[in-house]
Amino acid sequence: MKCEECRYEHTKLEKYWEYNGEIDGEHSYTILSNIYDIVVYEGIMNHALTLQKKPFEEIEVYIDTWRIECPSCQTCSLTNVRLMSERHNKSNYYFKKGIREYESF
């Protein structure tokens with residue numbers, strides 16, 4: 001996917017997110033992509049599921065969304081707003097599995 005306005009190419013990234021480790025009981029991730037779509041979200045959440053010591057163990061996941069909160073253009077910004085509902089709909093699935101997610105920048 002290539003943005004016509006800023007020329008950002010989402011598919012050219014080697015990785016879309018990064019796991020920063022556990023800090024004060026929270027598992028910290030950073031979004032590396034300008035676009036935060038369902039593929040990026042599920043990648044982070046599925047990784048978080050592997051960190052559970054037992055099924056349905058409650059763990060906290062902190063996602064740094066600075067890059068998507070400060071996009072380079074209006075088109076990328078509007079794309080992220082549109083994709084937010086997809087992530088929200090899927091979040092209930094991970095919540096039931098014990099993942100408590102927090103996003104901020």
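Of the 105 residues of the protein, 33% count as buried. This value, like every other one discussed here, was computed from a predicted model.

The fold itself may be considered next. Three helices and four strands make up the secondary structure of the protein. Read from the N terminus, the elements follow the order β-β-α-β-α-α-β. The radius of gyration of the protein is 14 Å, close to the 13 Å that the globule rule gives for 105 residues, and the protein is therefore as compact as a globular protein of that length. Along the principal axes, the C-alpha atoms fill a box of roughly 45 × 25 × 20 Å. The contacts show how the chain is connected within the fold: among those between residues at least 6 apart in sequence, 69% join residues at least 24 apart.

The surface and the charges come next. The protein exposes about 6,500 Å², of which carbon and sulfur atoms supply 51%.

Side chains of opposite charge can pair when their charged atoms come close. How many salt bridges does the count come to? The count comes to five salt bridges, and three of these pairs are described below.

One of the pairs joins lysine 2 and glutamate 9, with a distance of 3.7 Å from N to O. Lysine 2 counts as partly exposed because its relative accessibility is 37%, and glutamate 9 also counts as partly exposed, at 28%.

Another salt bridge links the side chains of glutamate 42 and lysine 90, at 3.4 Å from N to O. Glutamate 42 belongs to helix α1 (residues 38-50) and lysine 90 to helix α3 (residues 74-96), so this pair ties together parts that are 48 residues apart in sequence. With 25% relative accessibility, glutamate 42 counts as partly exposed; lysine 90, at 28%, counts as partly exposed as well.

A further salt bridge is formed by glutamate 58 and arginine 100, whose closest N and O atoms are 3.1 Å apart. Glutamate 58 lies in the loop between α1 and β3 (59-64), whereas arginine 100 lies in strand β4 (residues 99-104), so the pair ties together parts that are 42 residues apart in sequence. Are these two partners buried or exposed? Glutamate 58 is exposed, with a relative accessible area of 55%, because the threshold for this class is over 50%. Arginine 100 is buried, with a relative accessible area of 18%, because buried means under 20%.

How values were computed:
Residues are numbered from 1 along each chain as its sequence is written. This is a predicted model: local features need pLDDT of at least 70, side-chain atom pairs count only at pLDDT 80 or more; totals for chains, interfaces and linings use all residues. Side-chain values use heavy atoms; hydrogens and water are left out. Helices (H or I, at least four residues) and strands (E, at least two) are DSSP runs, numbered from the N terminus. The radius of gyration is taken over C-alpha atoms; the globule rule is 2.2 Å times the number of residues to the power 0.38. Buried means under 20% relative accessible area, exposed over 50%, partly exposed in between (1.4 Å probe, protein chains only). Contact means heavy atoms within 4.5 Å. Accessible areas come from the Shrake-Rupley method with a 1.4 Å probe; for residues, only the protein chains shown count as cover. A salt bridge is a side-chain nitrogen of Lys or Arg within 4 Å of a carboxyl oxygen of Asp or Glu.
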